[in-house]
Amino acid sequence: MNVCMCVVLFLVSATAANKSGDDEWVHLPNKCEVCKFLSIEMKSAFEETGKTKEVIETNYRFLDDKGAPPIKYVKSDIRFIEVMENVCSRIMQYNLHKERVGSNRFAKGMSETFSTLHNLVNKGVKVVMDIPYELWNETSAEVADLKKQCDVMVEQYEEVIEDWYKGSQEEDLTTYLHHFPNTQL
């Protein structure tokens, strides 16, 4: 039984390696993948924060009795800053799905491979891999690099993203960044 399991695991890992076109084990994300997930997470964050009816009171009357009118949170710079500060940390919710190709290899939830392996362990099967069991649920090098590149991209294109936010936002951020002259994505 154990020999059969080792053969199955070897075939699964060999198939995943062959799908990628080379024998390297770690395939770091490219700029297109980083941009895609930055856009997805920004859209999601803005949708989550856009449901509030909260108003920011700006009526402090320092210089006169009038003060400034209140600002809706959904139109505020505070909302933009909060999303920008937290958007890349949302990427840490992703896992690497080695059985998938392209940008689809990054997704939330456990990969089919690790789900199957966890089920086997739960049934009492001894699974032997190069990765210790304690590290199965840890962040992969690819996801950690995706987050790191996201941080760099947010910093590098903060003004462009802010222009998109203050504009109509009719097109998604990925499309906007590709059409912006100095983004080089």
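**Cysteines and a surface patch**

Tutor: This is a predicted model. Let us begin with Cys32, which is partly exposed, with a relative accessible area of 48%.

Student: Which cysteine sulfur is closest to that of Cys32, and at what distance?

Tutor: The closest one belongs to Cys35, and at 7.3 Å the separation is too far for a bond. Cys35 is likewise in no disulfide. With 1% relative accessibility, Cys35 counts as buried, because the cut-off for that class is under 20%.

Student: How many disulfides does the whole structure contain?

Tutor: A disulfide is a covalent bond between the sulfur atoms of two cysteines. A search of the whole structure finds 1 disulfide. It joins Cys88 to Cys150, with an S to S distance of 2.1 Å. The two cysteines are 62 residues apart and link distant parts of the chain: Cys88 lies in the loop between helix H3 (77-86) and strand E3 (94-96), and Cys150 in helix H5 (residues 141-156).

Student: Are Cys88 and Cys150 buried or exposed, and why is their disulfide described as left-handed or right-handed?

Tutor: Both Cys88 and Cys150 are buried. The torsion about their S-S bond is about -80 degrees, so the disulfide is left-handed.

Student: Which residues form the nonpolar patch on the surface?

Tutor: Trp25, Val26 and Leu28 form it, and together they have about 300 Å² of accessible area. Val26 sits in the loop between helix H1 (2-19) and helix H2 (31-49). Its relative accessible area is 36%, so Val26 is partly exposed.

Conventions. Residues numbered from 1 in each chain as written. Predicted model: local features only at pLDDT ≥ 70, side-chain atom pairs only at ≥ 80, totals over all residues. Heavy atoms only, no water. Patch = residues over 30% accessible without salt bridge, like charges linked within 9 Å, V, L, I, M, F, W, Y side chains within 5 Å. Areas by Shrake-Rupley, 256 points an atom, 1.4 Å probe, with all protein chains shown as cover. Salt bridge = Lys/Arg side-chain N within 4 Å of Asp/Glu carboxyl O. Helix = DSSP H or I, 4+ residues; strand = E, 2+ residues; numbered from the N terminus. Buried < 20%, exposed > 50% of the residue type's maximum accessible area, 1.4 Å probe, protein only. Disulfide = S-S within 2.5 Å.
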